[in-house]
Amino acid sequence: MQYTWPIFIVLLSVILLKESLGRNKILSLVFGFSATILVLLKGDIWSVNFTQMNVILFVALGAFSFALFSVLSKKVKVSAINVVCIYFFGAVLYSFFSVFCFSEFKLPNLKEWGFILINGVFLNGISYLFWIKALQGLEASFAAMFIFVIPILSAFLLVLVFGEEILGVYLISLVLVIVSGVLASLKKKSKT
């Protein structure tokens, strides 16, 4: 469900940014999302379980929110660094009030601070800078197509680093993601 955000980006970019939605973008979305689903389910499409709909809806809301953040960041005429700083400042305020209202304050230990810094600086901070920069230079609906490669790359990293078994579905998904990227690129090239 989390990987519906590229789909939301395409839909929101059509509505809010007036980007075009052609046949190649639609096919690219279908191939890319299919590849992601195949990897996440390891090819067992019958293992999908919709018993916890409230969790699914919250994850979908999170995916929609990030897609909206991404699309609206194209409309902001400030530097990527400023956008990310404003975002993180807002997130800190929101987190502070959420913890104050629904939990209690507890300082992390030294080991946890390391993970917090790695997550904040590298996984979120720097990656958001690159994402915002990509969105500023490309159509949002075009950039979103290439997000589908992340689960496939993650699966191959699991194989390389942790020795997980190579499944045929990983190779099929890789082909689907390549087809998705090619379709997205064909549409992009035809505009130039």
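I checked the length of helix α7 (residues 149-162) first: at 1.5 Å a residue its 14 residues should span 20 Å, and its end C-alpha atoms are 19 Å apart, which agrees. The expected span is 1.5 Å times one less than the number of residues. Helices here are DSSP runs (H or I, at least four residues), numbered from the N terminus.

I noted that this is a predicted model, where local features need pLDDT of at least 70, side-chain atom pairs count only at pLDDT 80 or more, and totals for chains, interfaces and linings use all residues. Residues are numbered from 1 along each chain as its sequence is written, and side-chain values use heavy atoms, without hydrogens and water.

Next I looked up burial in α7. P151, I152, A155 and V159 are buried (under 20% relative accessible area, 1.4 Å probe, protein chains only). Seen down the axis of α7, the buried residues fall within an arc of 105°, so they line one face of the helix. The arc uses directions from the helix axis to the C-beta atoms. The face turned away from the buried side carries L160, V161 and F162, which are exposed (over 50%). Just after α7, G163 has a positive phi of about 70°.

Then I turned to the pockets. The largest has a volume of about 390 Å³. Of its 15 lining residues, F88, A91, V92, S95 and I116 lie nearest its centre. Lining residues have an atom within 4 Å of a point on a 1 Å grid; a pocket is an open set of points where a 1.4 Å probe fits, with protein on both sides within 12 Å along at least five of seven lines. The largest share of this lining, 8 residues, comes from α4.

Conventions: Helices (H or I, at least four residues) and strands (E, at least two) are DSSP runs, numbered from the N terminus. Grid points are joined across faces, edges and corners, and a volume is the space filled by probe spheres set on the points.
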